[in-house]
Amino acid sequence: MHTIPQLREVERQFGNELVIIGVHAGKFHAERITGNIQQAVLRLGIDHPVVNDRQFHVWRSHAISAWPTLVFINPDGRFIGAQAGELPAEAIAHVIRGIIQDFDSQGKIDRKPIPIQLERAREPERPLAFPGKVLAAGDRRLFIADSNHHRILAVRLDEASTSGTVEAIAGKGQAGFSDGSLPSATFRSPQGMAHVGGLLYVADTGNHAIRCIDWSKNTVTTVAGTGRQARFSEAGGTGPLVALNSPWDVLHHDGQLYIAMAGSHQIWRLDIAGGPIHPHAGTGGEALEDGPLARALLAQPSGLTTDGTRLYFADSEASAIRWADFPESGAVGTIVGTGLFDFGNKDGIGEQVRLQHPLGVAWHEGKIYVADTYNNKIKAVEAASRTSQTIEVIAGSGDEATSPATFNEPGGLSVSAERIYVADTNNHRICVIDLRTRQVSRVELNGI
């Protein structure tokens with residue numbers, strides 16, 4: 001995900017000379033399904049062909065050993081070299097420029113256009129586009145991260161909670177990074193949200209920033225992040241001056257905003273009264289390793305929740321649900337999940353449990369409800385007993401006549417008044433599950 005924006009800039013610079021082909025060798029089972037890859041192509045706005053290398057044939061033929069890896073092929077179709085790891089666009093462009101100059105002098109650069117039919121050309125317009133997170137804030141208010149429309153919706157729900165009216169929209173609907181009034185401000189693939197008084201804090205993931213929406217003043221401001229991805233381990237500092245790395249979710253507790261910094265495999269903490277921002281848990285290395293906050297290893301934390309005493313998070317790349325203490329003298333522990341390559345779809349106790357890339361969590365009455373994203377399910381995990389159980393739901397109004405009801409890579413959830421609100425990302429909708437009846441319905445949006 002970090003490499004694709006860099007490649008997009010390189011494509012822009014060398015559109016007549018360079019062809020990029022994405023070779024997708026999926027780690028998770030769900031990532032090897034062509035339909036899921038097609039959805040990822042749409043969600044990430046990819047403008048080049050993508051091969052599903054589900055059996056790792058291309059991977060092995062080029063002796064690849066890490067995600068991501070760039071392989072350079074010359075105009076004669078021969079391997080020039082490879083580079084593993086994330087690279088900035090400037091570094092990639094420097095290599096490409098040299099190759100072009102070399103082969104242009106030999107008359108081997110073909111600048112004729114190659115017609116490519118983009119996946120999104122076949123997609124219809126929708127009210128929502130890959131909504132990533134949802135937040136039920138009480139008093140029948142619902143906030144939706146309409147991620148691929150690059151905006152945040154404020155919705156007032158009816159008493160049945162199966163429909164609502166859009167009262168306000170933050171963001172003009174185009175990707176960008178600008179503060180200002182609600183209609184003129186821009187976001188880039190926003191995700192998690194935290195409601196504090198009349199303010200809504202937003203993990204503006206694509207801009208590597210934390211934004212603040214003041215609904216009473218109709219303004220959007222940036223409270224942390226420079227708009228550029230942090231390339232190295234950051235120690236923190238004054239919010240707007242510190243580069244961040246793919247913040248995916250935010251949670252407020254006792255005057256502090258906790259941030260799931262997925263890109264750097266850490267949890268950060270921001271003093272919302274205007275204080276500093278700095279890492280709270282994780283060294284920045286990627287693994288599942290418990291221990292003191294400063295020495296623990298995390299793996300792409302992407303969802304946050306709390307019972308008021310502890311912070312719980314979805315550690316997505318390790319397919320785990322873990323906890324972290326709030327005090328700086330505390331530690332990180334694991335409830336379910338055992339390692340980076342241990343995943344599946346199995347309920348049970350402790351190390352028996354297998355999830356697959358969960359992205360969202362929400363605590364409610366002793367349980368952590370989990371958006372088990374790549375398994376297309378909602379599960380309930382109990383921290384004390386370390387158990388996991390799938391929530392079997394039945395289809396209700398506004399949904400297909402199926403039982404049980406189905407989701408497609410749900411990315412976020414929120415609980416309020418015995419209802420679970422689900423961002424059903426690849427189905428481009430928000431659903432609500434009644435915990436008493438286990439019935440799931442689409443939330444119909446008016447005024448959008």
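Phenylalanine 28 is buried in this predicted model, because its relative accessibility is 0%. Lysine 27 has its charged end over another ring, that of phenylalanine 341.

**Aromatic pairs**
- Six aromatic pairs occur in the structure.
- Phenylalanine 28 and tyrosine 374 have ring centres 5.5 Å apart and planes at 75 degrees, so they pair edge-to-face.
- Phenylalanine 28 sits in the loop between β1 (22-24) and α2 (34-44), and tyrosine 374 in the loop between β26 (367-372) and β27 (377-382); the pair therefore ties together parts 346 residues apart in sequence.
- Tyrosine 374 is buried, because its relative accessible area is 14%, and the cut-off for buried is under 20%.

**Charges over rings**
- The charged end of lysine 27 lies 4.7 Å from the ring centre of phenylalanine 341.
- Arginine 310 places its charged end over the ring of tryptophan 323, 3.5 Å from the centre.

**Backbone exceptions**
- Most residues other than glycine have a negative phi, and most peptide bonds are trans.
- The bond from tryptophan 67 to proline 68 is cis, with omega near -15 degrees. Proline 68 belongs to the loop between α3 (57-61) and β3 (69-73).
- Phenylalanine 56 is not a glycine, yet its phi is positive, about 65 degrees. It lies in the loop between β2 (50-52) and α3.
- Aspartate 254 is exposed, because its relative accessible area is 68%.

Technical notes
Residues numbered from 1 in each chain as written. Predicted model: local features only at pLDDT ≥ 70, side-chain atom pairs only at ≥ 80, totals over all residues. Heavy atoms only, no water. Phe/Tyr/Trp six-rings, centres within 6.5 Å; stacked < 30°, edge-to-face > 60°. Helix = DSSP H or I, 4+ residues; strand = E, 2+ residues; numbered from the N terminus. Buried < 20%, exposed > 50% of the residue type's maximum accessible area, 1.4 Å probe, protein only. Lys NZ or Arg CZ within 6 Å of the ring centre and 35° of its normal.
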